[in-house]
Amino acid sequence: MRSFFCLFLLALCVTLRGDEPASKSETKTPPAGAARSVYQPVGAPADPKVDVRWNRYHDYAASTEILKALAAAFPQRAKLQSLGKSTEGREMWVLTITNFNSGKESDKPGFWIDAGIHANEVQATEVALYTAWYLLENYGRNERITALVDTRVFYILPMLSPDSRDKHMYEPNTTHSPRTGQRKVDDDQDGRVNEDRADDLDGDGHITQMRVKDPNGRYKPHPDFPELLIAAKPDERGSYTLLGQEGFDNDKDGRVNEDGDGVYDPNRDWPWNWQPKHIQNGAFRYPLSLRENRMTADFIVAHPNIAGAQSYHNTGGMILRGPGAKNDKYDPADLAVYDLIGKKGETLLPGYKYMNIAEELYEVYGGLVDWLYQQRGIYTFTNELFTPFNFHRKEEAGGYIARDELTRTFDRDALLGDGFVKWHAVKHPQFGEVEVGGAKKSWIRQPPSFLLEEECHRNMAFTLYHAEQLPQVAVQEIAVKALGEQNGKPLVEVTATVINERLTPTHATNDVKNKITPPDLVTLSGPNIKVLTQQLDDDQFFRTPTNAKRDPHEARLPVIPGMGTRYVRWIVEGAGPYTVTIKSVKGGTATKTRVE
């Protein structure tokens with residue numbers, strides 16, 4: 001229902017700065033002799049080219065306008081493209097961010113960001129958009145941001161399920177729906193599709209709960225929050241019966257709300273450890289059977305430089321890593337990298353907990369986080385955005401009160417009652433008069449407007465820390481030692497020290513094991529040289545060297561560990577200059593020349 005858009009505060013808030021000066025009526029001239037000053041808060045540009053209000057949620061059209069505005073305002077550092085069209089014909093936008101003048105995109109370590117695969121998790125898209133905006137607006141203002149954009153390439157897909165994002169915003173829903181996409185599915189297998197959705201009985205745009213007064217009911221009002229129903233004790237009578245979500249039996253089959261938006265889960269569709277529906281609830285027909293996911297997978301496979309990734313979901317305040325299934329394993333060396341980054345996240349995100357999905361949350365088969373790591377060798381986190389830490393109230397006896405009571409207290413005291421629909425009577429076509437009420441779809445899973453920007457910034461900071469730790473190769477030193485002459489030319493020993501300057505190795509362990517991407521290549525070249533032999537070692541004294549069997553000018557390194565070093569030694573015929581180049585699919589490129 002489009003009128004609800006106003007209630008949900010989702011208007012587009014994007015304006016491009018013009019070149020014309022402000023009108024006289026808008027210009028304030030200080031008194032003669034008065035000091036002029038501009039106060040700029042830390043963390044935000046005072047004069048953004050693309051002015052966005054980050055205390056609002058943006059629908060598909062508004063998000064698209066933000067992306068287009070960023071690409072137009074920063075053509076040297078941003079490129080917008082579509083992966084194709086979604087089920088309902090919306091473009092699947094990906095924004096690429098890097099300094100296009102500081103080297104080829106494919107020669108830089110890549111970082112993937114996606115959001116909104118569960119489209120009701122609306123703040124996920126805002127975090128992705130905010131990250132793009134912050135990177136572009138603060139380039140040249142902030143040293144670390146500038147270095148990131150110069151040396152990394154970011155691929156940002158803010159809306160993995162764009163159809164359902166608008167569905168959540170414009171049509172009656174709960175805070176939990178729709179989790180699925182908009183591909184039509186006959187959920188109840190009666191030969192009809194989506195014929196018994198939830199019904200907005202009072203027309204307010206929210207799907208809340210239904211209840212009836214019942215002396216035999218098993219629910220009663222909470223003593224401190226009468227609007228909240230709680231279970232009656234075993235030895236007492238209740239006063240209400242809960243009837244579930246708003247709705248009625250549209251298809252006259254005796255059931256209510258059993259066939260709405262498709263029951264599949266887009267995050268159970270990925271081709272690692274995929275299981276059919278009878279094992280993994282939410283699985284669809286086969287891996288990548290959803291077009292939005294398939295287009296996304298094709299893009300990621302076409303960009304093997306992607307070394308790190310972040311998926312944004314909600315809710316609960318979690319920094320999640322795989323594996324998703326208990327029968328799956330991550331390599332201990334890779335887990336050490338995950339642990340260092342994940343624990344850093346706990347310091348950046350108050351109330352968030354770094355967790356293992358399978359062991360500490362629940363099992364997931366066919367999840368994106370596992371596919372990215374296991375089949376693409378990409379270190380990936382999933383953040384479950386928004387945590388009750390923001391509104392915890394401690395009891396006198398210690399500990400935290402129940403979540404339902406927390407949300408009611410926060411609604412009463414901080415939201416001034418704006419988060420819930422009060423119970424009120426409506427006519428029901430089957431049950432007669434019922435009462436409807438409960439949480440609005442824009443509350444519980446999503447932060448209120450005044451907490452949204454903080455959520456965006458803190459999660460972005462964690463993601464950018466991860467991006468800073470992507471592998472970054474460099475040629476640290478070239479040593480030259482004269483060995484005499486051969487064939488009338490100098491015979492020279494050339495030793496290169498190549499390093500990885502960051503925490504993340506140039507290849508994950510499963511990348512090396514399964515040969516997902518090519519090894520790192522270190523080459524020696526020069527106009528007047530002939531390479532005769534080559535040795536590799538991780539020891540500067542070459543006590544356990546490996547000799548090249550072919551192509552001695554080109555050393556193949558399976559991996560350079562995080563903050564690690566490798567040594568390559570050549571025997572060459574001919575005087576320098578000697579140029580050493582290292583090319584790493586996920587770790588970038590670097591060149592150094594020694595002139596003799």
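A crossing of two helices is called right-handed if the near helix is turned clockwise from the far one by less than a right angle, and left-handed if anticlockwise. I begin there because the term is needed for the first pair of helices, where helices (H or I, at least four residues) and strands (E, at least two) are DSSP runs numbered from the N terminus.

Before that, a word on the source: this is a predicted model, in which local features need pLDDT of at least 70 and side-chain atom pairs count only at pLDDT 80 or more, while totals for chains, interfaces and linings use all residues. Residues are numbered from 1 along each chain as its sequence is written, and side-chain values use heavy atoms, with hydrogens and water left out.

Now to the helices. Helix H3, residues 123-137, packs with helix H11, residues 449-468, at an angle of about 65°, and their axes are 9 Å apart; the axes are lines fitted to C-alpha atoms over the stretch in contact, and angles run from 0 to 180 degrees between N-to-C directions. The crossing of H3 and H11 is right-handed. On the H3 side the contact (heavy atoms within 4.5 Å) includes Tyr130 and Tyr134, and on the H11 side it includes Cys456, His457 and Met460. By class, this contact has 8 nonpolar, 4 polar and 3 charged residues, where Ala, Val, Leu, Ile, Met, Phe, Trp, Tyr, Cys and Pro count as nonpolar, Asp, Glu, Lys and Arg as charged, and the others, Gly among them, as polar.

A nonpolar core is a set of buried Ala, Val, Leu, Ile, Met, Phe, Trp, Tyr and Cys residues joined through side-chain atoms within 4.5 Å, and buried means under 20% relative accessible area, exposed over 50%, and partly exposed in between (1.4 Å probe, protein chains only). In the largest such core, of 64 residues, Val50, Leu70, Leu95, Ile97, Trp133 and Phe154 touch the most other members, and the largest share, 10 residues, comes from H3. Which residues does Leu70 touch? Leaving aside residues up to four places away in sequence, Leu70 touches Val50, Ala78, Leu95, Ala132, Trp133 and Leu136. A second, separate core of 22 residues includes Ile478, Val498, Ile529 and Val531.

Turning to the strands, 5 of them form an open antiparallel sheet in the order E17-E18-E23-E20-E21, and two strands count as paired if DSSP finds at least two bridges between them. The edges are E17 (473-486) and E21 (546-547), each of which pairs on one side only. Within the sheet, 9 bridges join E18, residues 489-500, to E23, residues 565-573, and Thr497 stands opposite Tyr567 in E23. Elsewhere, E24 and E25 form a hairpin with 3 residues between them; 7 bridges join these antiparallel strands, and Ile582 has Ala590 in E25 as its bridge partner.

Finally, some backbone exceptions, given that most residues other than glycine have a negative phi, and most peptide bonds are trans. The peptide bond from Asn314 to Thr315 is cis, with omega near 15°, and a cis bond also joins Gly322 and Pro323, with omega about 0°. Leu416, which is not a glycine, has a positive phi of about 60°; Leu416 lies in the loop between H10 and E15 and is exposed, at a relative accessible area of 71%. Asp551 likewise has a positive phi, of about 45°, and is partly exposed, at 36%.
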